[in-house]
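Please work through each task before reading its solution.

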Amino acid sequence: MKKNNYKISIAIIVIICGMAAGTGCKKSFLQPDPLSFYEPATTFSTESGLTSAIATCDKHLRSYWSYYSTRDLSLPISSEYMLSDLAVAGKTDDGAIFADVATRLTPSDGLYENDVNMLSYFWEQNYDGIKYANTITTYIDNVEGLDDATKNEYIGRAYFHRSFRYMALCFLFDNVPLVTKILSNPKQSYKSTSHEAILEMITSNMEFAVQWVPEQSEMSYIGMVSKGACRQLLIKCYLATGQWDKAIAEADTLINNEGYALMTTTFGTFEDPFPTTWPITRNVIWDLHRPVNKCIVANTESILSMPNESGTDAAIAMRTMRNWGPFWNTSTLKSPAGYYMQAYATSSSNYNSALDFNSAVGRGIAAIRPTYFAQHGLWEVNGVEDTDDLRHNSSVGNWARMDSLKYNDPSDVTYYGQNLRLYNGSTLLCTDTVRDWFDWPHYKVFVTDPDHTASTTSTNNKGGAANWYCYRLAETYLLRAEAEFYKGDVSAATADVNIIRSRAGCSQLYSTVTIGDIVNERARELYMEEWRHTELSRISYCLALSGKSDEWGNTYSTTSLSDNSYWYQRIQHYSDYYNKGNVTVKGRYYTIDPHNIYLPVPQDAIDANLYGTLWQNKGYDGYDAGISMWTNWEDAVADEDITN
């Protein structure tokens with residue numbers, strides 16, 4: 001597979017950054033302006049305008065993980081995990097901590113874009129991404145001299161970006177307005193379109209894209225949408241429309257015929273930057289998740305990576321260690337002698353390179369924290385917590401345990417250099433176990449910050465910019481396993497899950513799998529890659545479509561997921577916070593309700609639609625089962641040209 005230097009691709013993105021700079025996050029999806037501040041007739045009269053528009057779509061894609069500028073708290077992807085089985089809000093010093101989801105999440109409140117959560121981002125930015133894609137499909141006929149193959153390649157990539165966002169909207173917000181073009185005049189009379197109709201449209205669009213978008217081996221840049229990325233999204237479309245055989249066939253093609261392969265041995269650059277504090281025994285999982293290895297020729301597993309490398313002009317520091325790591329440098333976590341962990345600068349006389357946890361694991365503040373299930377129960381297979389699993393292996397340095405950190409205050413003569421402990425006899429040494437004490441996947445979270453490593457005075461390694469995965473072949477195996485399970489071929493599903501487990505060095509393999517085992521394997525393999533809440537919502541819908549039961553024997557209806565769903569049952573069984581009813585932070589109980597599988601359609605979007613009525617989801621103010629919506633996507637598209 002030919003893969004040229006992706007830094008060139010980033011350089012192109014930098015050129016067009018100004019085109020997106022004016023697209024503030026508070027713009028309504030109803031606004032018809034294209035992504036460019038130039039006149040469309042001028043911007044899209046040449047192929048360079050299309051190239052810039054595609055680059056804007058690619059750059060925008062990574063913002064769901066990194067945001068579109070460096071921020072210290074509350075990455076968009078973190079909010080996805082707060083509403084799942086794997087994590088909850090963890091910043092316990094914040095009086096507005098988003099713990100009480102059941103009562104706080106309303107159409108006019110609870111959808112924030114600040115340090116509390118970033119849920120509104122998924123409405124606003126999905127529609128911005130759709131607008132960018134629609135700019136291409138709307139104006140491409142203005143560009144003269146394009147042959148059909150080239151034109152269809154641009155349209156195919158635009159379809160990918162639009163379909164990616166609509167897939168997310170369908171499983172986050174259910175029935176939403178369908179916007180497929182840039183209008184010459186504002187429209188304020190939209191109706192919502194059923195998610196079934198939207199899924200039908202994007203499935204057709206992705207079939208077109210798979211036909212026309214080239215293979216990665218035929219492309220010049222990494223970070224652009226390839227045929228493989230289109231096929232991965234098409235698999236999800238087939239799953240969401242209940243077409244199991246087609247999903248399996250597309251997965252077969254992607255796994256066997258397009259040049260991709262799981263990484264099974266070490267490769268690329270080995271990074272072990274702080275071996276005296278946190279030594280790493282080189283292994284394939286560590287190498288696979290080093291940012292420097294995600295966009296290289298040797299990585300045959302990456303289907304779609306998002307370039308965001310430190311040192312480039314377009315890089316955005318993700319602050320992964322600050323957001324997702326525990327707050328160990330705090331007075332609420334002390335040694336038996338009463339001393340707490342320090343974050344010394346290298347210039348400090350107290351600095352010890354063997355106890356430099358600030359550099360080695362980062363100085364976290366736990367904006368979110370993993371559930372107990374995510375730390376322990378998730379890793380149990382056949383009744384055994386599989387610590388051989390390289391994704392959960394602390395002996396090689398991939399998995400971080402709190403009791404692997406060591407007290408590092410030289411004044412603490414008795415305990416200096418000893419491992420942290422949660423208890424001293426029966427005395428609890430940590431008074432904030434929500435924020436300060438949990439284990440985590442270091443191999444995923446560790447992204448060093450060049451500003452920290454270059455400084456002799458820095459006491460805060462927050463985490464820097466990093467290339468990130470959107471799609472990997474490992475997920476393809478798990479998507480195929482899902483389709484096989486729905487079809488009733490549990491043996492084939494089991495084999496696919498075990499392929500992923502074998503690559504991870506697991507000692508425990510499955511003899512047969514449930515849907516829960518497949519979803520658990522997604523959690524182990526795709527942490528902070530998949531949109532966890534959205535994927536659980538999608539799987540809940542697919543499971544209901546299939547008529548198959550979950551691991552507790554429940555079956556579900558696609559028409560009543562707001563009353564009960566697989567997403568909700570997983571939280572009830574696994575959350576350890578939302579399912580207890582007695583866990584409080586700052587006087588707020590951790591609560592979540594069945595209808596929270598779907599987020600509320602924002603009230604400001606409803607109010608801006610002056611001459612039409614948008615669907616509001618069940619359980620939220622404004623819900624009305626009698627509200628009409630488009631059930632045929634062609635009718636919704638035809639109505640777009642009818643303005644107020």
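**Exercise 1.** Determine which ring Arg472 lies over, and at what distance from the ring centre.

*Solution.* A charge sits over a ring if NZ of Lys or CZ of Arg is within 6 Å of the ring centre and within 35 degrees of the ring normal. Arg472 lies over the face of Tyr469, 5.3 Å from the ring centre. Lys191 is placed over the face of Trp630, at 3.8 Å from the ring centre.

The model is predicted: local features need pLDDT of at least 70, side-chain atom pairs count only at pLDDT 80 or more, and totals for chains, interfaces and linings use all residues. Residues are numbered from 1 along each chain as its sequence is written, and side-chain values use heavy atoms, with hydrogens and water left out.

**Exercise 2.** State how many aromatic pairs the model contains, and classify the pair of Phe98 and Tyr112.

*Solution.* Rings of Phe, Tyr and Trp (its six-membered ring) pair if their centres lie within 6.5 Å; planes under 30 degrees apart count as stacked, over 60 as edge-to-face and the rest as tilted. By this rule there are 35 aromatic pairs. Phe98 and Tyr112 are edge-to-face, with 6.5 Å centre to centre and 85° between the planes.

**Exercise 3.** Decide whether Tyr578 and Tyr590 are buried or exposed.

*Solution.* Buried means under 20% relative accessible area, exposed over 50%, partly exposed in between (1.4 Å probe, protein chains only). Tyr578 counts as buried because its relative accessibility is 5%. Tyr590 counts as buried because its relative accessibility is 0%. Phe98 and Tyr112 are also buried.
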